[in-house]
Amino acid sequence: MAATASRSFSDGTQASSPSVEERLQRLTTVRSDRHRVVTCYLKLEPRDRSRGKYLIKIKNRVRDAVRALPRLGLQRSVQEAVERDLERVQQHIRNPANLPSTQGIAIFACEGIGLFEAVPLPVVYRSRLAVDATPLVRELASVEDEFGRLLTVVLDRTSARFFEVTAYDAVELTGLRADSTRGKRFHGDQDGPGWGEHTYNNRIRQEKQRHLEAIARELFAIDRRQPAHGIVIAGTGTDAGAVQPFLHNYLVERVIGTTKLNPKEATPAVVHAATLAVRESWEREAERVAVGQMREALGTGWAVNGIDPAVGALARGQARTLLVNADASEPGFRCGDSGRLARTERECRGEGEPIPVLDIVDDAIEEALRQGVDVNVIYEPEARDAVAGLGAMLRFR
């Protein structure tokens with residue numbers, strides 16, 4: 001299932017949906033001249049869709065952006081065009097028919113150059129809205145690397161189906177089927193009471209063990225051909241957990257979770273959705289671990305917590321991982337000569353004209369992606385509240 005997207009032009013015509021790579025190439029060469037491009041990344045996970053929360057989220061983002069536009073010092077005609085683009089983005093999202101089945105969407109709009117791109121995404125770091133001279137495509141470019149390649153095995157007592165799951169789809173690989181003894185009648189043995197029953201049950205246990213060993217060997221072989229970022233095990237009842245003791249140690253370390261699926265009913269679309277759900281639960285736990293590591297490292301100087309020290313670490317190329325409070329938002333500036341982010345104009349003294357930005361947190365995410373820094377947006381409530389807007393794990397002190 002390839003990523004699909006819509007593209008419309010100012011004359012209302014539609015173009016065929018190009019590949020993500022083609023779209024990236026085109027978007028990175030966009031020149032808006034004096035115009036400004038609106039970039040919107042919106043999360044559409046089940047919790048966001050619940051009771052239309054994503055609509056409230058985008059409405060608030062657009063409202064805040066319109067209020068902040070005067071800070072950017074744009075010409076009146078340019079500002080009015082941006083306001084219309086913001087409304088176009090909002091109207092597009094309000095129409096349920098425009099929403100993808102994926103868990104996120106990226107939209108790029110610029111009335112002045114006839115641009116309107118809507119790209120379904122499997123994951124989005126956080127919902128954000130930006131106005132800039134160029135489309136902010138780094139998150140779009142990093143989606144597949146961020147998600148990685150996962151292996152999902154769906155098994156029962158007699159069969160196993162293997163799927164390669166990427167950001168955009170699930171592809172079934174060669175499966176396994178055990179030589180089952182199920183369905184055969186037990187026949188008593190002449191040699192003693194219960195002896196035949198014992199032999200039959202022992203055959204069942206041995207068959208199950210051979211089946212689980214075969215699954216483990218196949219996972220090992222698939223992973224050796226192309227290492228996976230994580231493994232998901234699915235099955236009926238307790239079958240999913242039964243295979244883990246047979247896995248190689250380094251495969252066990254990459255199991256990110258289990259779920260219930262019947263291999264007879266597992267379509268690639270169902271497997272993809274189930275894998276995303278497992279990955280999300282794993283991410284929440286990973287967030288708690290990451291914030292715990294940040295807290296421990298604060299005392300030794302290997303981490304910082306707060307917007308000022310975090311953007312300072314980014315400016316020095318010091319950040320290894322950027323931690324982002326999912327609810328944080330604050331206006332700021334980018335120093336004209338150095339390109340450094342700052343919360344106040346005063347901090348840009350000697351570094352060029354301070355250029356206002358709508359949200360310094362969103363710009364910090366974009367800067368981190370530019371530098372190849374890992375970005376971890378924290379949604380788990382307790383862990384999120386521990387991050388003072390931004391935090392960072394450091395490469396050096």
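How much space lies in the largest pocket? About 990 Å³ of space lies there. A pocket is an open set of points on a 1 Å grid over the protein atoms alone, with protein on both sides within 12 Å along at least five of seven lines, whereas a cavity is a set of points where a 1.4 Å probe fits but cannot get out; lining residues have an atom within 4 Å of a point. Volumes are the space filled by probe spheres set on the points, which are joined across faces, edges and corners.

The structure is a predicted model, in which local features need pLDDT of at least 70 and side-chain atom pairs count only at pLDDT 80 or more, while totals for chains, interfaces and linings use all residues. Residues are numbered from 1 along each chain as its sequence is written, and side-chain values use heavy atoms, with hydrogens and water left out.

The largest pocket is lined by 40 residues, and Glu-146, Arg-279, Glu-283, Val-375 and Asn-376 are the closest to its centre. Helices and strands are taken as DSSP runs (H or I, at least four residues, for helices; E, at least two, for strands), numbered from the N terminus. Helix H5 (138-147), helix H9 (268-298), strand E13, helix H11 (360-371) and strand E17 each supply at least two residues of this lining. Helix H9 contributes the largest share, 10 residues. By class, the lining comprises 20 nonpolar, 8 polar and 12 charged residues; Ala, Val, Leu, Ile, Met, Phe, Trp, Tyr, Cys and Pro count as nonpolar, Asp, Glu, Lys and Arg as charged, and the others, Gly among them, as polar.

Two of the residues closest to the centre of the largest pocket, Arg-279 and Glu-283, also belong to a network of salt bridges that links Arg-279, Glu-280, Glu-283, Arg-284 and Glu-287. A salt bridge is a side-chain nitrogen of Lys or Arg within 4 Å of a carboxyl oxygen of Asp or Glu.

Strand E17 (residues 374-378), another contributor to the pocket lining, is mostly covered, with 4 of its 5 residues buried. Buried means under 20% relative accessible area, exposed means over 50%, and partly exposed lies in between (1.4 Å probe, protein chains only). Strand E17 pairs with strand E13 (residues 319-325) in the parallel sense over 5 bridges, where pairing requires that DSSP find at least two bridges between the strands. Within this pairing, Ile-378 of E17 is the bridge partner of Asn-325.

The second largest pocket holds about 620 Å³ of space. Its lining has 25 residues, with Lys-57, Arg-61, Ser-127, Ala-326 and Asp-327 nearest its centre. Helix H2 (46-49) and helix H3 (53-68) each supply at least two lining residues, and H3 gives the most, with 7. This lining divides into 8 nonpolar, 3 polar and 14 charged residues.

Glu-80 counts as partly exposed at 32% relative accessibility, and Arg-76 as exposed at 68%.

Other salt bridges connect separate elements. Arg-126 and Asp-359 meet in a salt bridge (3.5 Å, N to O). This pair links distant parts of the chain, 233 residues apart: Arg-126 lies in the loop between strand E4 (115-121) and strand E5 (128-132), and Asp-359 in the loop between E16 and H11. Both Arg-126 and Asp-359 are buried. Arg-334 forms a salt bridge with Asp-363, their closest N and O atoms being 3.6 Å apart. Arg-334 lies in strand E14 and Asp-363 in helix H11, so this pair ties together parts that are 29 residues apart in sequence. Arg-334 is partly exposed at 21% relative accessibility, whereas Asp-363 is buried, with a relative accessible area of 13%.

With a disulfide defined as a pair of cysteine sulfur atoms within 2.5 Å, the count comes to 1 disulfide. Cys-335 and Cys-348 form the disulfide, with their sulfur atoms 2.1 Å apart. Cys-335 is in strand E14 (residues 332-335), and Cys-348 is in the loop between strand E15 (341-342) and strand E16 (354-357), 13 residues apart. The torsion about their S-S bond is about -80°, so the disulfide is left-handed. Both cysteines, Cys-335 and Cys-348, are buried.
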